[in-house]
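Hi everyone, thanks for coming. I'd like to walk you through a structure that may be new to you, so let's bring it up on the screen.

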Amino acid sequence: MGIGAGVIGFIFFVLGALLQLLLFAIIANAILSWLFAFDVINYRNRFVAQVAEFLDRFTSPILAPLRRVIPPLGGIDLTPIVALLIIQGVQGYLLPPLHVAALGLVGAY
């Protein structure tokens, strides 16, 4: 394995890890919103408010475009589920062929 294949492998490893991190952040944001909705926790706790704000800022660039397309059904926001499906699809069906194609470009595959 040459240096080009190693660099491409590392790039795709980082992409996969970032997508996995985004997946966990969307799940944590959804769970936190449910806890707020059912009044299990509240924003008066400074730590909880900071975590909620961070997760909201981290996930809103992904969820906001989906929220413009997918309306809430009966007060239930389905965009996190759609986002999780899209992320899983990208991880399972787009990254592996792109990885093979990138390795083919450097002649390592």
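Let's begin with Ser 33, whose side chain reaches the backbone oxygen of Ala 30 at a distance of 2.7 Å. Please keep in mind that this is a predicted model. Ser 33 sits in helix H1, which covers residues 3-37.

Which of them gives the largest share? That is H1, with nine residues. On the H2 side, we have Phe 58. Phe 58 has a relative accessible area of 33%, so Phe 58 is partly exposed.

Now for the charges. As a reminder, side chains of opposite charge can pair when their charged atoms come close. How many salt bridges does a search of the whole structure find? The search finds two.

One joins Glu 53 to Arg 57, with the closest N and O atoms 2.9 Å apart. Both residues lie in helix H2, four residues apart, or about one turn of the helix. In an α-helix there are 3.6 residues a turn, so residues three or four places apart point the same way. Glu 53 is partly exposed because its relative accessibility is 41%, whereas Arg 57, at 61%, counts as exposed.

The other salt bridge brings together the side chains of Arg 67 and Asp 77, again at 2.9 Å from N to O. This pair links distant parts of the chain, with Arg 67 in helix H2 and Asp 77 in the loop between H2 and H3, ten residues apart. Arg 67 counts as partly exposed at 39% relative accessibility, and so does Asp 77 at 30%.

Where is the kink in H3? Look at Leu 94, shortly before Pro 96, where there is a kink of about 35°. The buried residues of H3 include Ala 83, Ile 87, Gln 91 and Leu 95.

Notes
Residues numbered from 1 in each chain as written. Predicted model: local features only at pLDDT ≥ 70, side-chain atom pairs only at ≥ 80, totals over all residues. Heavy atoms only, no water. Helix = DSSP H or I, 4+ residues; strand = E, 2+ residues; numbered from the N terminus. Polar contact = N/O pair within 3.5 Å; in protein donor to acceptor, adjacent residues only side chain to side chain. Buried < 20%, exposed > 50% of the residue type's maximum accessible area, 1.4 Å probe, protein only. Bend = angle between axes of the 7 residues up to and from the residue. Salt bridge = Lys/Arg side-chain N within 4 Å of Asp/Glu carboxyl O.
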